[in-house]
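Please read these notes with the model open beside you, and check each point against it as you go.

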Amino acid sequence: MVTGNKRDYYSVLGVDRDADQQSIKQIYRKLALKYHPDRNPGNKEAEDRFKEISEAYQVLSDPAKRQKYDQFGHQGLDGSGFQPFTGFDEIFESFGDIFGDFFGGGRRTRSRAVKGDDLRYDLVIDFMDAIKGSEREIEIEKLAFCDTCGGSGCKPGSSPRTCPQCNGIGQVRRSQGFFMISTPCPQCHGSGHIISDPCTACSGLGKVEKRKRLTVKIPPGVDSGSRIRLRGEGEPGSLGGPNGDLYIILRVKEHALFQRNGDDVLLEYPITFSQAALGTTIEFEGLDGKESVTVPAGTQSGKDIIFKGKGVRNLRGYGSGDLYLRVIVVTPTRLSGREKEIFEELSQLEGTAVHPGKKKSIFEKIKDSIS
Ligand SMILES: [Zn+2]
Ligand SMILES: [Zn+2]
């Protein structure tokens, strides 16, 4: 892991913030060749510089990552599936093609390895599990190495033959203008060997479908669309390549009472006319247990009372959102005889309650405008 303060990726490559993809690629290639470990054996400084420029290139060459980085800086990349490079193999695996044939055969053997496919699993979780975090067991079906042949694809006791077309290199070379181009061997598909006696359990593929149970840790603060990456839980790689990753895509169920908007949460709370007019104290169940608040006399319907920091804990650790308690004044629909009497009396009072010299109420203004 790269820790501590990081330099701005644009300064690392020495490019303008609006540089296009082509010039970023060109500059990276130039710098990468200069600081390449093969050209600077035993030079720790060059090695660190090489990793640094490769990491910058990894982000700036990917439009989605670049946009996140532009908007939020280094923090924007945390949790977005971005992993800084730790070794050279990863770098060559990711963009070895940039170096082309420059470094000859030594690296090519490594770059033949192919990372396994990433997998996706859609997981529906409850509203409160998204807010508090939880753990879920899932079962996935994925390709895994065949137990019978150990992934070789050969019938036990037999072994693969070296491919006659590429002599086991896995690549065939042909010239194109000034350049030599390497392409995967058409006969062995890049593996360098041919299986003449295939394993019956996997038909020579070396991989079979298997079910696997996994525990998914859901951190507090996730929302619909959040992705959880389980490194290496995708399908197995080929020719020694690493496993793919498994992405859990979350969908959060709606709650009967709470409505979520980012890290803020809204709760509507009904009160009566008299409570709104006279004021009242209400108690309710918030996200973290009981809350209570005084609603002042004369509160209008739709008034929000804000509980700072009582919303959802931010997924990236930036504090917590707020809880909005929206007071809704409910008009009664079924009045008892006595209630009706009181409302009628109230209505009469309202009709005659004009106090000279006082500010006119909204009702009086409307009445004046009609007459
Ligand atoms: Zn097998
Ligand atoms: Zn071949």
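**Notes on the metal site, the sheets and the whole chain**

1. The zinc ion (ligand 2) is coordinated at 2.2 to 2.3 Å by the SG atoms of Cys163, Cys166, Cys185 and Cys188, where donors are N, O and S atoms within 2.8 Å of the metal (3.2 Å for Na, K and Ca), and water is not among the atoms, so sites may look incomplete. Along the chain, the donors of this zinc ion follow the spacing C-x2-C-x18-C-x2-C.

2. The 4 donor atoms around the zinc ion (ligand 2) subtend angles of 103 to 115 degrees, and the arrangement is therefore tetrahedral, a term that requires all angles of four donors to lie between 85 and 135 degrees. Cysteine 185 and cysteine 188 are both buried, meaning under 20% relative accessible area with a 1.4 Å probe, protein chains only.

3. Please keep in mind that this is a predicted model, in which local features need pLDDT of at least 70 and side-chain atom pairs count only at pLDDT 80 or more, while totals for chains, interfaces and linings use all residues. Residues are numbered from 1 along each chain as its sequence is written, chains are lettered from A and ligands numbered from 1 in the order in which they are written, and side-chain values use heavy atoms, with hydrogens and water left out.

4. The protein chain has 10 helices and 15 strands, which are DSSP runs numbered from the N terminus (helices H or I, at least four residues; strands E, at least two). Strands of a sheet pair through backbone hydrogen bonds, either parallel or antiparallel; here two strands pair if DSSP finds at least two bridges between them.

5. One open sheet has 3 strands in the order S1-S9-S8, with mixed pairing. Strand S1 (119-125) and strand S8 (227-230) stand at its edges with a single partner strand each, so one side of each lacks a neighbour in the sheet. Strand S9 (residues 246-252) runs parallel to S1, to which 7 bridges join it, and leucine 250 in S9 is the bridge partner of leucine 123.

6. Another open sheet is formed by 4 strands in the order S10-S11-S15-S14, again with mixed pairing. Because strand S10 (258-261) and strand S14 (303-307) each have a single partner strand at the edges, one side of each is left without a neighbour in the sheet. S14 and strand S15 (residues 323-329) run antiparallel and are joined by 5 bridges, with isoleucine 306 opposite tyrosine 324 in S15.

7. Of the 371 residues of the protein chain, 35% count as buried.

Terms used:
Tetrahedral: all angles 85-135°; square planar, octahedral: opposite > 155°, others 65-115°. Buried < 20%, exposed > 50% of the residue type's maximum accessible area, 1.4 Å probe, protein only.
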